[in-house]
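Colleague: Can you walk me through this one? I have the files open.
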Amino acid sequence: MARKFLTVIVQLLIALVTIPAVALATMSFENRNNDGPSIIFPGGELVSGELYLGPEPDWSFTDDVGTVHLQLDDPLSSRLIWIEESDGKIYITSDYMGTWLGRLWKKWAVQAHEGDGLAVVRINGVRYERKLERVFYSPLLDGVIEKKIAKYRSRITREAIESGETWVFELAPRTGV
Amino acid sequence: MKTKTYLALLISISLLVSLAILFIPGLAESIETWMLGFLSRNAAA
């Protein structure tokens, strides 16, 4: 009797894990080629929106933007991400990079760092072609840290950046590409 | 329930859930909205 009861409990637990896992995997699969990410799942190539071709914009308007769509050119996938403007430049950060699990979760950061870093960022429906350049040590990082704390109440620190726990990328112009 | 029957049922339900998400318009968005609501309610608690 006890054995039967235990079997039913185990079967229920397996079902409670398996069915939501299958649902999440399906939703992720369904979203993979969409024009941009959903809130949770990565999307595909950013297609819609005007492609900005003018001079370097005044990025201070991004202070009023919570999240942007970031798409790498290789692989063609996009995700929702925070953005920080500092000293006329824009930055994105990736936390939890000090662990194997973090790097698996934030695979895009590894791909951007190890690849060519070419990316498209869509802000308020306008697409900007950029190049992700990782920033390790720079006096400009103080501004990024201050902005991220003020804007998102983040716990980012310079130590986290310098130890590799947090990766910072400048969304630099694609000059010479 | 016998293991064979259980596995068949589990696979059938999983398949049904997958197909529903893929082919019922708006279902994926509704699930995601519900998930976000659930997460934000519980994160705030």
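Colleague: How many helices and strands are in chain B?
Modeller: Chain B has two helices and zero strands; helices (H or I, at least four residues) and strands (E, at least two) are DSSP runs, numbered from the N terminus. This is a predicted model, where local features need pLDDT of at least 70, side-chain atom pairs count only at pLDDT 80 or more, and totals for chains, interfaces and linings use all residues. Residues are numbered from 1 along each chain as its sequence is written, while chains are lettered from A and ligands numbered from 1 in the order in which they are written.

Colleague: What does the C-alpha trace of chain B span?
Modeller: About 40 × 30 × 10 Å along its principal axes.

Colleague: How many residues of chain B are in contact with chain A?
Modeller: 14 residues of chain B are in contact with 12 residues of chain A; contact means C-beta atoms, placed from the backbone, within 7 Å.

Colleague: Which helix supplies the largest share of that side of chain B?
Modeller: Helix 1 of chain B, with eight residues.

Colleague: Now Trp82(A). Where is its place?
Modeller: Trp82(A) sits in strand 3 (residues 77-82) of chain A.

Conventions
Two residues are in contact if their C-beta atoms, placed from the backbone, lie within 7 Å.
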